[in-house]
Amino acid sequence: MPEKGAPRTRRRTWPVAAVAVAVLAASSVTWFAVARAEEREERLDANRELVTRGCAGLLREEMYASAPDDARGALDEYGTLLRPGQESRALLDCTLAWGDGDGGATAGARARVRAEAVPERTSPGSVTGDFGLPLPPSATGSVGTADRPSDGGPVATASLLVDCPKGLHGRGRTARDLLVSVDLPSGADGADVYGVPRVERLAVARTAARVTNWVARKQGCGSEPLRTEPGAAPAKTPALCAWLSPEGLGSTPGKWSFDGNDTTYNRRTGTCGGQWDDTAGSPGHLTVRAAGAQSWSGVLAAGAYEEYADQALVPDPKAPSGHDKPLTVQQSGDDPQLALWARSECVAGPTYHRVWVTPAFDFDRGPEDGETVLGPKDRRRLSRHARTVLDRYLSAPDGWPKRSHCRGTKIVGEVAEWRGRD
């Protein structure tokens, strides 16, 4: 009965074909997965090779293990230490980027190191703060965070300024100040710039110290080697700010706090400050509620003065001197200071000193709401308080100016940082 047999033969053919298709599909998936795995492995090997040979190998310790396998890396490096004879202001400038396949401007993560000689001035803001590793008096640095939206979001940053007594040689004239800056990508949430973990901050500090030591050896600049691991901190010198006291300043009665003062000496900068911090009572009119002093030396001196000048907060040589007229002060919402500037020659070079007092204003006693009047006697009294702070600062045996062997000090002038009208 052939009619009955033929259908059974066709029914057997369909299952066999289905199995064949399934096997072929499975094989294709397996081949694709293997190919993808091999591609990722090759990309990872290439990226690790890039980290190893790029930037003179200075990023290898911190970046080798985190090299990605899902994006190709791109290396951009130049500088006179990498390519002698190159026309570049940088001793070293190197960027490693991982991105969307081309490593270009839309990179998803980026690491950068830069080292350069500083011939004249630099901003103190980027190199003064908490570095996270012990530093000698000849170096100052800071570690922080920044947001780089075009380069992958939050990064851990570090900056170091180091004294090179034998000089740095490259394009241009010889200088003795070495500035190193480092950016490393962070795993912190892109919305939380300040959430960079401590371990990442330590990594970027280590990298900056390692780069600095490498450049110093290459240049033979005579700088003191920097430590690249945590350890015992330099001996504290609490007497640096022992001179600062509210006594004799017409200060607000009560408790004062002195948080954030320097406890270790640095040749380039020093900071002391204190403020009234008492839950009982309130500051009386024109009593001093805060006072302090800060110095910047060498390449930081001109940089600091320029920053204040950009805000019109340095003495104006064309402004009339004296305090023979009343001044109406207008409420501004902040705590305006009376600052006194001076300059000296210190161990690290030309130096600016800035001391200040912050008076308390009672704006309920003026001719108009939000105003108060400073009479000639009031203005002279506040000026005497500022001068008292400067004299104490300069003469303190263990203070920054004496430790820095400052000499030839001259008064630059006074700046009242409050809004007023005659």
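Predicted model: local features only at pLDDT ≥ 70, side-chain atom pairs only at ≥ 80, totals over all residues.

Biologist: Let's start with Thr 122. Where is Thr 122 found?
Modeller: Thr 122 sits in the loop that links strand 3 (109-117) to strand 4 (139-148).

Biologist: And is Thr 122 buried or exposed?
Modeller: Thr 122 is buried: its relative accessible area is 14%, and the cut-off for buried is under 20%.

Biologist: Which residues does Thr 122 touch, leaving out those up to four places away in sequence?
Modeller: Its contacts are Leu 161, Leu 179, Val 299, Leu 300 and Gly 303. Val 299, Leu 300 and Gly 303 are also among the buried residues of helix 4.

Biologist: Nice link. How many residues does helix 4 have, and what does it span?
Modeller: Helix 4 covers residues 299-310, which makes 12 residues. From first C-alpha to last it reaches 17 Å, close to the 16 Å expected at 1.5 Å a residue.

Biologist: Which other residues of helix 4 are buried?
Modeller: Besides the ones I named, the buried set includes Ala 301, Ala 304, Tyr 305 and Tyr 308.

Biologist: What comes after helix 4?
Modeller: Ala 312 follows helix 4, and its phi is positive, near 60°.

Biologist: What about the phi of Ala 56?
Modeller: Ala 56 has a positive phi too, near 60°. This alanine lies in the loop between helix 1 (2-53) and helix 2 (60-63), and it counts as partly exposed at 36% relative accessibility.

Biologist: And Leu 286, where does that lie and what is its phi?
Modeller: Leu 286 is in the loop between strand 8 (269-276) and strand 9 (288-297). Its phi is positive, near 70°.

Biologist: Is Leu 286 buried or exposed?
Modeller: Leu 286 is buried, with a relative accessible area of 5%.

Biologist: Changing topic: which strand is Lys 166 in?
Modeller: Lys 166 belongs to strand 5, residues 153-168. Lys 166 is exposed, as its relative accessible area is 61% and exposed means over 50%.

Biologist: What is Lys 166 in contact with, beyond its neighbours within four places in sequence?
Modeller: Lys 166 is in contact with Gly 220, Cys 221 and Gly 222.

Biologist: And what separates the C-alpha atoms of Lys 166 and Gln 219?
Modeller: A distance of 8.9 Å, for two residues that are 53 residues apart along the chain.

Conventions: Residues numbered from 1 in each chain as written. Heavy atoms only, no water. Helix = DSSP H or I, 4+ residues; strand = E, 2+ residues; numbered from the N terminus. Buried < 20%, exposed > 50% of the residue type's maximum accessible area, 1.4 Å probe, protein only. Contact = heavy atoms within 4.5 Å. Expected span 1.5 Å × (residues − 1).
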